[in-house]
Amino acid sequence: MAITIDSNPLSASANSYADIAFALTYFESRLHSAEWASTERETQKAALVHATRLLDRLVDWKGQINDIDQPLSWPRKYVKRRGRSTTGFSQYPDVYFNLDSFFDPAAADFPTFLREVCCELAFDLVREDRLSDQATGLSSLGVEGIRLTFKESDRKDIFSEQVVLMIGNYGRPTLKKSSTVKLVRA
């Protein structure tokens with residue numbers, strides 16, 4: 001079944017922060033991204049939609065969602081743009097801020113940083129399974145108290161260091177590693 005990407009922030013059926021056209025343009029100027037270009041189009045679409053889902057579920061974004069009925073975590077209100085001045089006067093004498101320093105929740109596109117984060121995470125998902133619950137080694141094993149300790153290096157971070165850096169001050173990842181463990185009863 002063909003995946004349809006809807007990356008319009010004002011749409012009730014939005015399912016991705018970035019569309020294929022944005023992703024192709026983004027990866028044209030990114031080093032070491034030939035693998036994305038050689039990936040099947042349907043896989044690219046699935047990766048972008050899945051990356052959006054993970055960003056929505058696993059990042060505690062700053063600000064507030066714009067509309068209670070919107071399908072994604074963005075657009076958001078009260079999220080300050082990085083590097084913008086917040087000095088100035090508002091219509092309220094005791095509140096000093098410049099509305100240009102915040103993302104516009106009614107904008108026709110998602111913020112560029114968010115679309116780029118979505119692309120990077122989608123590329124990470126294409127290159128390797130970052131959600132695998134497979135653990136290959138233990139650093140310790142107990143019996144009476146039933147204590148298992150998995151090697152820290154056994155589990156991949158769900159978000160690569162690059163993705164975490166790109167999320168930056170706009171949100172905080174809430175889950176660092178895949179935390180599913182398969183339980184087998186004897």
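## Overall layout

Two residues are said to be in contact when heavy atoms of theirs lie within 4.5 Å. Among the contacts in the protein chain of this predicted model that link residues at least 6 apart in sequence, 60% join residues at least 24 apart. The chain has 186 residues, of which 37% are buried.

The protein chain holds five helices and six strands, and, read from the N terminus, these elements follow the order α-α-α-β-β-β-α-β-β-α-β.

Helix 1 covers residues 20-28, and its buried residues are Ile 20, Phe 22, Ala 23, Tyr 26 and Phe 27. When the helix is viewed down its axis, these buried residues fall within an arc of 160 degrees, so they line one face of helix 1. Ala 21, Thr 25 and Glu 28, by contrast, are exposed on the other side of the helix.

What do the buried residues of helix 1 pack against? Their partners are helix 2 (34-37), helix 3 (41-58), helix 4 (112-127) and helix 5 (161-167).

## Where helix 3 meets helix 4

Two packed helices are described by the angle between their axes and by the distance between those axes. For helix 3 and helix 4, the axes come within 8 Å and cross at roughly 115 degrees, and the crossing in which helix 3 passes helix 4 is right-handed.

On the side of helix 3, the residues that take part are Thr 43, Ala 47, Leu 48, His 50, Ala 51, Thr 52, Leu 54 and Leu 55, and in helix 4 they meet Val 117, Cys 118, Cys 119, Leu 121, Ala 122, Leu 125 and Val 126. Sorted by kind, the residues of this contact between helix 3 and helix 4 comprise twelve nonpolar, three polar and no charged.

## Aromatic rings

A search of the whole structure finds twelve aromatic pairs. One of them is formed by Tyr 26 and Phe 27, whose rings are edge-to-face, at 5.1 Å centre to centre and with 75 degrees between the planes. Both Tyr 26 and Phe 27 are buried.

Another pair, Trp 74 with Phe 103, is also edge-to-face, with 5.9 Å centre to centre and 85 degrees between the planes. Because Trp 74 lies in the loop between strand 2 and strand 3, while Phe 103 lies in the loop between strand 3 and helix 4, this pair ties together parts that are 29 residues apart in sequence. Both Trp 74 and Phe 103 are buried, and these two residues belong to one aromatic cluster together with Trp 61, Phe 113 and Tyr 170.

## Backbone details in the loops

Most residues other than glycine have a negative phi, and most peptide bonds are trans. Against that background, a few places in the loops deserve a careful look. Which kind of peptide bond joins Trp 74 and Pro 75? The bond is cis, with omega at about 10 degrees, and Pro 75 is found in the loop between strand 2 (64-65) and strand 3 (76-77).

His 32, although not a glycine, has a positive phi of about 60 degrees; this residue sits in the loop between helix 1 and helix 2, where His 32 is exposed, with a relative accessible area of 72%. Tyr 78 is not a glycine either, yet has a positive phi of about 65 degrees. Its place is in the loop between strand 3 and helix 4, and its relative accessibility of 55% lies over the 50% cut-off, so Tyr 78 counts as exposed.

Key: Residues numbered from 1 in each chain as written. Predicted model: local features only at pLDDT ≥ 70, side-chain atom pairs only at ≥ 80, totals over all residues. Heavy atoms only, no water. Buried < 20%, exposed > 50% of the residue type's maximum accessible area, 1.4 Å probe, protein only. Helix = DSSP H or I, 4+ residues; strand = E, 2+ residues; numbered from the N terminus. Arc of directions from axis to C-beta. Axes fitted to C-alpha atoms, helices over the stretch in contact; angles between N-to-C directions. Left-handed = near helix turned anticlockwise from the far one by under 90°. Nonpolar A, V, L, I, M, F, W, Y, C, P; charged D, E, K, R; others polar. Phe/Tyr/Trp six-rings, centres within 6.5 Å; stacked < 30°, edge-to-face > 60°.
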